[in-house]
Amino acid sequence: MDTGNLILRLLVGLLVAGHGVQKISSHLGGRGLDGGAEEFRADGFRGGALTALAAGGGQIGSGLLLAAGFLTPLAATGAIGVMTVALTVKWHNGLWVQNDGYEYPLVLIGTAAALAATGPGAWSLDAALGLTPYPLWWAALALVAGLGSGLLTRLVLHRQAPAAPQIADGAR
């Protein structure tokens, strides 16, 4: 089980961190901070560069913490939060990734939640520092807080679509 947890932590943590790097730099195929800001604006978010920096920083931080197995419930909360925002952006495309759907963010959310539930394993900073095992309620808290923070971010930062013009009854 420890080997499996290590593999999952490294895979998911480094992928989440890599997404963050792409949002704020030209590394790993990213388009730099301007490209990250443009992507958020195109998806209907306010804030431009600040939004890209916050999202990228959150992904890098939570991803690296998850990969290291350090403060695992907090790391899972961050990863779940940023991936919940991504899921809401892709929701209208349906589940499957070939249609730009939310399949991939959903897998990362589920994996982060599972790691919060199982713990980081023996080969982690949490274990080395004597922080494990975490009680199971930490996993529930990580899931609820991550989903809640992602949905709140979407609510606060996403612009509403402009309302359709109203036609007066007499103008028909």
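Modeller: Start with T72, which counts as buried at 1% relative accessibility. T72 is found in helix 4. This is a predicted model: local features need pLDDT of at least 70, side-chain atom pairs count only at pLDDT 80 or more, and totals for chains, interfaces and linings use all residues. Residues are numbered from 1 along each chain as its sequence is written, and side-chain values use heavy atoms, with hydrogens and water left out.

Biologist: Why is T72 called buried?

Modeller: Buried means under 20% relative accessible area, exposed over 50%, partly exposed in between (1.4 Å probe, protein chains only). T72 has 1%, so T72 is buried.

Biologist: What is T72 in contact with, leaving aside its neighbours within four places in sequence?

Modeller: L66, L115, A116, P120, D126 and Y134. Contact means heavy atoms within 4.5 Å.

Biologist: What makes L71 partly exposed?

Modeller: Its relative accessibility is 32%, so L71 counts as partly exposed. L71 lies in the loop between helix 3 and helix 4 (72–90). Its phi is near 50°, a positive value in a residue other than glycine.

Biologist: And what class does L28 fall in, buried or exposed?

Modeller: L28 has a relative accessible area of 57%, so L28 is exposed. The loop between helix 1 and helix 2 (32–42) holds L28. Here too phi is positive in a residue other than glycine, near 55°.

Biologist: Which residues of helix 2 are buried?

Modeller: G32, G35, G36, A37 and F40. Their cover includes helix 1 and helix 3. G44 follows helix 2, with a positive phi near 90°.

Biologist: How do you know that helix 1 and helix 3 are roughly antiparallel?

Modeller: Axes are lines fitted to C-alpha atoms, for helices over the stretch in contact, and angles run from 0 to 180 degrees between N-to-C directions. Angles under 35 degrees count as roughly parallel, over 145 as roughly antiparallel, 65 to 115 as roughly perpendicular and the rest as oblique. The axes of helix 1 (residues 2–24) and helix 3 (residues 49–68) cross at roughly 160° and come within 7 Å. The two helices are therefore roughly antiparallel. Their contact includes G13 and G20 of helix 1 and G56 and G63 of helix 3. By class, the contact has 14 nonpolar, 7 polar and 2 charged residues.

Biologist: What makes a residue polar or nonpolar in that tally?

Modeller: Ala, Val, Leu, Ile, Met, Phe, Trp, Tyr, Cys and Pro count as nonpolar, Asp, Glu, Lys and Arg as charged, and the others, Gly among them, as polar.

Biologist: At what angle do helix 4 and helix 7 cross?

Modeller: Roughly 35°, with the axes coming within 7 Å. The contact is made by residues including I80 and G81 of helix 4 and W138 and G146 of helix 7. By class, this contact has 11 nonpolar, 8 polar and 1 charged residues.

Biologist: What makes the bond from T132 to P133 cis?

Modeller: Its omega is near 0°. P133 sits in the loop between helix 6 (125–128) and helix 7 (137–157).

Biologist: How many helices and strands does the protein have?

Modeller: 7 helices and 0 strands. Helices (H or I, at least four residues) and strands (E, at least two) are DSSP runs, numbered from the N terminus. Of the 172 residues, 37% count as buried.
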